[in-house]
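Hello,

Here is the structure I promised to pass on to you. Please have it open while you read, and my notes follow below it.

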Amino acid sequence: MKDKNADSFWKRYSALLAALAVSLLIAAVMTVLSVRLGERIGQGVVIRDVGGKQRTASQIGLRVMLEMERDLRNGEVPSPDLMKELRDRTTRINNTINAFYKGGTIPEETGKKPLEPDGFSDEIVRTNQEIDKIWRPYNERIQRVLAAPAPDPALLAEAISYGRTAIVELQSKFTTLVDKTQTQNEVDSHDLTLVQNVGAGLLLLNFLFTIFVALGRLRAGDRAVAQSHKQTDDILATVKEGLFLVSSDFSIGAQMSRALPEVMQRRIEPGMSLIEVLRPMVAASTLEATRDYLGLLFGKRVKENLVASLNPLSEVPVAGGSDGRGQAQPRYLNFQFNRVQEGEGTVHLLVTVSDATERVRLTQEIAAAKTRTREEMESLLRVLSRDSAEVRFFLHRIGVVLERINDDLRQAAARRGGTDYLELVHAIFRDVHSLKSEAAALNLEMLEALAHNFEVDLIGLRDRGEVEGSDMVKMTVHLDDMFECAATIREFLDRIGGDAARAPAATTPAQRLVEGWSGLAERIAHDQGKQVRLQMQLEGLERVPAETLTALRAIGLQLLRNAVAHGIEPAQERAALGKPAAGAIAFRSADAGSRQIELSVRDDGRGIDVARVRAALAASGRYTQEQIEALSDRDAMMKIFEPGVSTAADGGDRDAGHGVGMDVVMKQVRAMAGTISMSTKVGAYTEFRIRLPVAEAKPAPAAAADGGDFQLTF
């Protein structure tokens, strides 16, 4: 069957193929001969021009030396321009002779074809050798003139004398070179004209024969085209993807698949600009990248498979998605472009459009699951680097705190009225922020991240001002996530044997107090591009009860995060202020007498600027400008301990206090019936001193809320 089809093909198209082969042969022969003759003519033109310029250069060189000699005889110093002119002309002749030997471009003849010695005739080669033989001794005498520190009359006279003798023969050789080249160019031009005329005549005859044969095949070809069009229409009506052609001006072709408008979810008509169709669907940057990418595909020098990865419309999100019931939903379309070429040029791009929404969704879910699993595994493995007892104690504490929050939410829901939900948000915020700080210190990133997400929603409720019971429903989702995460970590510790694989335990009260603080400080500093070093001088903690030690740890964590995030400056800023690159944070504890323990936290950072605090109060929206201006500096500074007041520049930072960090400190101090004092100097330091009783703590009296337990120093 294959042989039969092959015989049929040769019978139908043998005459056309033969005519085509003859045309190609004639064209090939014409091209080869034309190119070779053209190259010879071009080479000849260059040689002719160069020879003429050599002849002129030799004349000018001798003339320049005669002018120099005349100046010397008149007692004048020859002009430096004459020396430069002599050097330039001599260099030109030397470069030209070398180019005739070695080939290449003459520096003084930029833009012209390079000389190719392999194509020189024997006469040209011989003439150049003769020129070189005459020129070399002449050049040596000129170079001695040029090398002298000042024009030497003797050397100049010697060069002129030799030049007068050699110039006639040099001129003759240059003229011979030009004449022989011109003669050869005329012969080559005649041959080129002959080749072109004969070739054109043969091509014309062959063309007439081809037309005669082609007309006989036209009707059969028309029938085949009609059948092919019908098959194409059937394919376009059946395929489920969007198919269409795009021209170099980005216009959509006349033929397209029936499914295209459905896939694109918009009307598509022939002649529409693909760029305009996409404009309301994709981002402006994507649209511009698409224009550039299509331009690359229509270019000749770019390989299609090499730029496929640059396709900006590969699984691109598009606007205007709908689930078919009028409900908006994210959609992704995948555009694939393939070149349709004619010869070496790309005349169209075949565009295949498919709905990739489901594929993208599954890919994102798989990627998110992999990332989540990897992060959870890494976080669980980091648990092993911590004291198992400390981690278990924290897990117990987090369970107690979350249960209390859950009870508060249930009681608020049961009352259905009379509940100050904003105050409840503040209370939950303080608890969650404390848990986040402790989780960060223990390197429990899973819990830290969940607590941070919890805080983000709490910030939204707090800043809104008015909170309703229905707004608290989402809080239970965060509680469940944190409960589940804590249970996972606890189960992990149980399975690996708990204390069998733990890091060395923090055995002293001082060690338990600062467990994980160094790592937390380094991590926060690294995230913010800072350097920090901790100084610890912890004494008097041996008789501190566990409850007080826990309170000191919670307070210290908040002040540590606050010092690194807000107090310590970046290294460059510190260098400009004459400070060491690494900021210092000093923790000191001591027995303060009267059954009290004192913890001081001091950083050598930027201090607290009361002007920034006033600006933060204004930004919070809870104070009028008149109220802020009426505050003394001391009263304004005390506002940093109120919930919702933050001087942080980046409210989304996971290490920022979000306006609750200092609130946590104050509430913890009051809960332990302690006192807090602060001193600060802008650009120099900030120091907090906390005193807590070491006996059983009692709730602070209500009068403490007025600030009687607070001291402030500037």
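A residue counts as exposed when its relative accessible area is over 50%, and as buried when that area is under 20%. With that in hand, Ser594 is exposed, because its relative accessible area is 70%. Please keep in mind that this is a predicted model.

Ser594 sits in the loop between strand E7 (583–593) and strand E8 (596–603). Its phi is near 55 degrees, which is a positive value in a residue other than glycine. Gln265 also has a positive phi, of about 60 degrees, although it is not a glycine. You will find Gln265 in the loop that joins helix H5 (260–264) and helix H6 (274–278).

Now to the helices, starting with H11. This helix runs over residues 421–441. Its 21 residues should span 30 Å at 1.5 Å a residue, and the C-alpha atoms at its ends are 30 Å apart, so the two values agree. H11 is mostly covered, with 18 of its 21 residues buried. After H11 comes Asn443, whose phi is positive, near 65 degrees.

What does H11 pack against? Two packed helices are described by the angle between their axes and the distance between the axes. The axes of H11 and helix H12 (residues 445–464) come within 9 Å and cross at roughly 155 degrees. Angles over 145 degrees count as roughly antiparallel, so H11 is roughly antiparallel to H12. The crossing of H11 with H12 is left-handed. On the H11 side, the residues in contact include Leu422, Val425, Ile428, Phe429 and Val432. Those they meet in H12 include Leu447, Ala451, Phe454, Leu458 and Ile459. By class, the residues of this contact between H11 and H12 are 13 nonpolar, 3 polar and 4 charged.

H11 also meets helix H21 (residues 661–671), where the axes come within 9 Å and cross at roughly 100 degrees. That makes H11 roughly perpendicular to H21. Here Arg430, His433 and Ser434 of H11 are in contact with Gly661, Asp663, Val664 and Lys667 of H21. The contact of H11 with H21 holds 1 nonpolar, 3 polar and 3 charged residues. His433 is also listed among the H11 residues that meet H12.

Another helix to look at is H16 (residues 546–567), which has 22 residues. From its first C-alpha to its last, H16 reaches 29 Å, close to the 32 Å expected at 1.5 Å a residue. Of the 22 residues in H16, 17 are buried, so the helix is mostly covered.

Arg92 lies in helix H2 (residues 80–102). Arg92 is buried, with a relative accessible area of 14%. Leaving aside residues up to four places away in sequence, Arg92 touches Lys53, Ala57, Glu108 and Glu109.

Val351 belongs to strand E5 (residues 345–355). Val351 is buried too, with a relative accessible area of 0%. Again leaving aside residues up to four places away in sequence, Val351 touches Gly242, Leu243, Phe244, Val246, Phe335, Gln336 and Phe337. Between Val351 and Arg339 the C-alpha to C-alpha distance is 9.0 Å, and they are 12 residues apart in sequence.

Best wishes

Methods
Residues are numbered from 1 along each chain as its sequence is written. This is a predicted model: local features need pLDDT of at least 70, side-chain atom pairs count only at pLDDT 80 or more; totals for chains, interfaces and linings use all residues. Side-chain values use heavy atoms; hydrogens and water are left out. Axes are lines fitted to C-alpha atoms, for helices over the stretch in contact, and angles run from 0 to 180 degrees between N-to-C directions. Helices (H or I, at least four residues) and strands (E, at least two) are DSSP runs, numbered from the N terminus. Angles under 35 degrees count as roughly parallel, over 145 as roughly antiparallel, 65 to 115 as roughly perpendicular and the rest as oblique. A crossing is left-handed if the near helix is turned anticlockwise from the far one by less than a right angle, and right-handed if clockwise. Contact means heavy atoms within 4.5 Å. Ala, Val, Leu, Ile, Met, Phe, Trp, Tyr, Cys and Pro count as nonpolar, Asp, Glu, Lys and Arg as charged, and the others, Gly among them, as polar. The expected span of a helix is 1.5 Å times one less than its number of residues. Buried means under 20% relative accessible area, exposed over 50%, partly exposed in between (1.4 Å probe, protein chains only).
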